[in-house]
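Me: I've got a structure open and a few things to ask about it. Can we go through it bit by bit?

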Amino acid sequence: MNTIKHVPARVLNRRSGHSLEAEREQFDKQQAASISKAITAQEAPVKEKHARRIILGTHHEKGAFTFWSYAIGLPLSSSPILSWKFCHVLHKVLRDGHRNVLQDCVRHKSNVRDTGNLWGHMHDRYGQLVNVYSQLLCNKMSFHAKHPDFPANLEVTDDELEKAAGTDVNNVFQLTVEMFDYQDCELKLAESVFKQMNTSIAFSQTSAGQCRLAPLIQVIQDCSHLYHYLVKLMFKLHSCLPADTLEGHRARFNEQFHSLKNFFNRTRDLLYFKRLIQIPRLPESPPNFLKASALAEHVKPVVVIPDETPEDDEPESLIEISKAPVVEQQQTPDIFDQTFGPPNGFVKDDRDFEIENLKREIEILRAELEKVKSEAQRYITQLRTQINSLEAELEEQRKQKQKALVDNEQLRDELEKLRKQKVETDSVQARVIEAEKKAQATDVRYNKLKEKHSELIGTHAELLRKSADTAKQLTVTQQTQEEVENTKQQMQFELDQIKRESEMKLEEQTVEMEDLKRQLETTKAELINVQQSLSFSEQSGSNLNARLHDLQSANIELEKALAEKKTELSSVRSVSQDKESSLQQDKEKIQKEVEGLQAKLRQQAEREQNLQYKQLDDQFKLLQGTVTEAENIIQDALARLDDPLHIRCTSSPDYLISRAQAAIDSIDLLQCGHTQYMKNKSDASGLIAALAQFSHLTADTVVNGSATSHTAATDQADRLMDSCRTCGEQSLTYLKGLKNKQTLAHSDPSAVRKAILDILGLGEELRPKLMDVRQEELGDMVDKEMAATSAAIEDAVRRIEDMMKQTRKESSGMKLEVNERILNCCTDLMKAIRLLVMASTDLQKEIVESSRGAATPKEFYAKNSRWTEGLISASKAVGWGATQLVESADKVVLHTGKYEELIVCSHEIAASTAQLVAASKVKADKNSNNLTRLQQASRHVNEMTANVVASTKSGQDQIEEKDTMDFSGMSLIKLKRQEMETQVKVLELESKLEQERLHLGELRKKHYAMAGIYDGVTDEVEKTVSAQKPGILKKPPLAQKPAVILKQDNQENKNDGVYRAHLFRN
C-alpha cells in the first residue's frame, strides 16, 4: 500500500485551505437547495428531510446566518403560502436549531413582523394565518430573549424553572403573565387553522389540509411545556399571595385549560397526527390551586414524537455526529473528494481514517464524561439544597405554629372589634352615600335648570333680533308701498295726459274731417257746377276730372290716417288698462304682505310674552326645588336629634359658636337674595345659592348643637336641645313660606335668626372659664410650675433611691429581685422625665425669644394666655404623675399597694408627657433642634414607661402564686357542676367589668364637665390622651393633679369613654 509518511507542512496547509473552502461552498449549496425545496409556493406540507437539513446546518455553523442570508431573498410578499411555509420552517429552526439561532432570529424580527402585517391587511385565507403565525413567532423570540434560562424548545427541569422564577413573588407574577400571553398566541394560531378546516371531508388527508395542519405539531410541543410550567407557577403564587389577588389568574388559566383540552382532543382525532405525534391527555378538570395538596395530583403532559422512517428518494448528506455510529462515518467519504478527487494526488490510507475515528470517539467520550460529571454534581447540589430548604421549612413551620397559637387569640379579639366597627362604618357610609346622592341629584337638577335658563335667554335674544328684523322689513315695505303709490300717481298722471292728448288729437281729426266734409261738399258743389259748365268747356272738364281724382286720393289718405289714429288710441287705452290692473295687483300683494308681517309681529310678541311667563315659572319651580332640598336637609338634621346612634357624637362649644355665626351670616345673604328676586323674578340664582348655604349651615348648627349638648350639664343640655329644635322648626316654617307665591313676598327669617342667636348664647355659656389669674402673673406662673415640676421629679428620684436602699435591707430572694427591677425602671423613667422637662424648658425659651419681638416675656405670655395655661396644666400633670408614681412604687415595695396602681400611674405619666410635648410643640418651629430633642425625649419616656409596665407585670407573675388545679377524685357530675359555677362566675365578672367601665366613663364625663370650673384649664387641646387614668387617686403635696382637658369635636373612646384633648394657638 502506497502511503506518504512525511508530507510537507505547506502541502498540508494548502490542502486544508482548499478543503475548507470547498466544504463551505458545498454547505452553502446544500443549505440553499434545502431552503428552496422546503419553502415553496406549492400547497403541500414542508418535507421533514429538508427541514432537518436546515436544522443540522444551524448546528454545523452554530447559528442561523446562512439560513437568514437565503431567507431574506425569498419573495414572501408574492405568495401567502410561501410566507406560511417560511413561518413553519422558522418555528422548527427556533425549536430544534442551535442555541445561537435565537440571537440571529431576533435581529430579523422586524422582517417577520412586517410580513405578517402585510398579509394581515389582505383578505386571503392564508394571509390571515400568516399574520397570526408571525405574531406567535415575534412573541416567542421576545420571551426567550428576555428569559435566556428557557431555551427555544422550552425543555427545562423543575429545578431550572424554580431558579428562573426566583424567590421574588413579583418576578413570579410577571413570568406567569408572560407565559399566559405566550400560550394565548399558540392557541390563537390553532384556532385560526381549525376555523379554515372543512369538516365535511377528510381535510387532514389532503395536501392543502396538511399544509395548514403541519405547524400545529410545534404548537402541541410548546403548549404541553407551557401548561406544565403554568401549573407549577400558579401553585407557587398561591403559596405566597392571597387567593383574592389571584382571581384573574385562575380565571385566565381555566379558560386556557379548556381551550387547550379542546385543541388536544380535536387534533388527536385527526388521522394526519396519529403517525406523526402522540398527543397527551389532560385531566377532566383544571387543578385546584386553592388546595396545596393538589400539586401532587398533577401529571406532566409528555409529547412523544415516533421514530421517523428513512426516506429513500434522496439520501442524507449531513449526519449528526453525536448520534451516528463510527462505521457510517468511515463509509461516508468527503464530498469534495467524491466530486473532484483527492487534492494534489493525496490519498488517505486506513491509518488516517482510524486516527480520525479514534479522535472523534475520544471527543465524544470526553463530552459524555463531562456531561455525566456535571449532572452528578448538579444532582448533589440539588439534593443538598433541598435538604437545607426542608430543614429551614421545618424550623419555619415550628416558629409559625407557635406564632399562630399566639396570633389566634389576638385575631379573635380584633375580629370582634372589627365586626363592631364594620357595623358602625356601614351605617355611616350608607348615610354618606345617601347624602352624596342627594347632593349630586341637586347639582344635576340645578345644572339642567341653569342650562334651560340659558337656552331661554338665548331664545329670547334671538326672538328680539328677529323682531327687530321684522320691524326693519315692515319699514322697508312701507317705504316700498309709498314708492308704489308715487309711481301709481305718476302713471295715473301720465295716463290722464295721454288721454288728454288723445282727445285733443281726436278733436283735431274731427275738425279736419269736418273741414274735409265741407271741402267735399264744396267740391261736390263745384263738381256740379263743373258738370253744368262741362258742356260749355271740354278743357275745363278734363281739369276738373284730374282735380276730382286728386281729391279722391286725398280723401282715401285721410281715411287711412283716421284709421291709424283710431288704432293708436285703442292701443293706448289697452296699455293704460294693463298698467291699471298691474298696479292694482301690486297694491293687493303689498297689502297682503303687510298684513302677514303684522300677524307675525303679533305672534312674536305673544311668543315672547309666553317665554317670559315660562321663564318666571321655571325660576319659581327651581326655587321650589331648592326649598324642598333645603327642607330635606333641615329635616335630616332634626331627625338626628332623636337618633340613638347620634348620642355618642360630641362637639365643642367653640365649634358650635363658629357654625352658628356662619349661619347668621348666611341669613343676611338670604335676605339680600330674597330682595333681589322680588325686584327681578326672572333671576333666582342669588336666592337659590343663599338657600343652599343657609340650609347646610343651619343643619350643621342644629347637629353640632345636639352633639355639644351630649357633654353639657342636664339643664344646659335640655335648653340647647330645645333651641336646636326651635331653630329647625322655624327654618322649616320660613322655607314653607318661600314655596308659596302668595307668602313669598312676606317671608321673614327673623324668627330663625333669633333661634340661632339663642344657640349662640348657650354656646357662649358652655365655653369653659379661664383661670382667675391676671395675665401679668402668667409668665411667673409658668416659671414656677416648671420649677415645681423639676423639684417634684428630683424629689421622686431621691425617694426611689431611699426605697432601693430600704428594700435591699428588708427583702431578699425573688422579692428583692422584683423590687430592684421595678425601682430601677422607675428611676430610669424619672431621669427620662427630667430630660423631657429640660428639653421643654429650652424649647419654651426659644419660642419666647423668637416670637416676642420687642415685647417682654411676660407680655408674650399675657398675649398668648391660652397657650401659657396649656403649659401650666401640662407641667402640673407631669409633676403630679411623678409624685403619684413614687407613692405607688412605695406601696408596692412595702406590699401595701397593688401592681395595677403602678401600671396606671405609668400610663398617667405617658399621657401627661404627651400633653406637655403637645403644649410645647404648638408654637415651635418645625426645624428647631430643641423640638427634635423634645420629641426624642418624649419617645424615651414612652419606652421607659413601657419598661415599668413590663417589669411590673413580670414581677406580679413571679410573686403571685397560682393554685394548681387538682381534678383527681372528682366525678363527672361534680366536674360538670364546677364547670357551670365557673361559667356563672365568668359571666358575673364580665357584667361587673362592663358596669365598672360605664362607671369609669361617667366619672370622666363628670370630671370633664367640672374641669373648666374648678381647675381652670384651657378649652382646646391637640393631642389624644390615650392612657387610662385611675379612678380615685390622692393629690400629692408638691403638685396638683391637673384636670382632664376638653375633648375635640366628635372624638371619644368607643369602649370606655376616654376623651381626647387638644391645644389651640392663641
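Me: Is R640 buried, exposed or partly exposed?
Reply: R640 counts as partly exposed, because its relative accessibility is 32%. The cut-offs are under 20% relative accessible area for buried and over 50% for exposed, with partly exposed in between (1.4 Å probe, protein chains only). Keep in mind that this is a predicted model: local features need pLDDT of at least 70, side-chain atom pairs count only at pLDDT 80 or more, and totals for chains, interfaces and linings use all residues. Residues are numbered from 1 along each chain as its sequence is written, and side-chain values use heavy atoms, with hydrogens and water left out.

Me: Which helix is R640 in?
Reply: R640 sits in helix α17, residues 538-641. Helices here are DSSP runs (H or I, at least four residues), as are strands (E, at least two), numbered from the N terminus.

Me: What does R640 touch?
Reply: H646 and V703, not counting residues up to four places away in sequence. Contact means heavy atoms within 4.5 Å.

Me: Which residue forms a salt bridge with R640?
Reply: D636, with the closest N and O atoms 3.5 Å apart. A salt bridge needs a side-chain nitrogen of Lys or Arg within 4 Å of a carboxyl oxygen of Asp or Glu. Both R640 and D636 lie in helix α17, four residues apart, about one turn of the helix. D636 counts as partly exposed because its relative accessibility is 36%.

Me: How many salt bridges are there in the whole structure?
Reply: The search finds 26. Side chains of opposite charge can pair when their charged atoms come close.

Me: What about R212 and E43?
Reply: Their side chains meet in a salt bridge, 3.5 Å from N to O. R212 lies in helix α10 (residues 207-213) and E43 in the loop between α1 (9-38) and α2, so the pair ties together parts that are 169 residues apart in sequence. R212 counts as buried because its relative accessibility is 7%. E43 is partly exposed, with a relative accessible area of 28%.

Me: And which residue does D222 bridge to?
Reply: R95, with the closest N and O atoms 2.4 Å apart. That pair links distant parts of the chain: D222 is in helix α11 (residues 216-240) and R95 in helix α4 (residues 80-96), 127 residues apart. D222 and R95 are both buried.

Me: How many of α11's residues are buried?
Reply: 22 of its 25, so the helix is mostly covered. From first C-alpha to last, α11 reaches 36 Å, close to the 36 Å expected at 1.5 Å a residue. The expected span is 1.5 Å times one less than the number of residues.

Me: Now the core. How many residues does the largest nonpolar one have?
Reply: 85, and those with the most contacts inside it are F67, F86 and F263. α11 gives the most to this core, with 14 residues. A nonpolar core is a set of buried Ala, Val, Leu, Ile, Met, Phe, Trp, Tyr and Cys residues joined through side-chain atoms within 4.5 Å. Leaving out residues up to four places away in sequence, F67 touches I35, I54, E61, F86, V89 and L90. Another core, of 46 residues, lies apart from the largest one, and among its residues are A796, V878, A882 and V886.

Me: Switching to rings. How many aromatic pairs are there?
Reply: The structure holds 15. Rings of Phe, Tyr and Trp (its six-membered ring) pair if their centres lie within 6.5 Å; planes under 30 degrees apart count as stacked, over 60 as edge-to-face and the rest as tilted. F143 and Y182 have ring centres 5.1 Å apart and planes at 55 degrees, so that pair is tilted. F143 lies in helix α7 (residues 125-146) and Y182 in helix α9 (residues 169-195).

Me: Is Y182 buried or exposed?
Reply: Y182 is buried, with a relative accessible area of 0%. Y227 and F253 form a stacked pair, 6.0 Å centre to centre and 25 degrees between the planes. Y227 and F253 are also both buried.

Me: Which residues make up the aromatic cluster with Y227?
Reply: Y227, F235, F253, F257 and F289 form one cluster.
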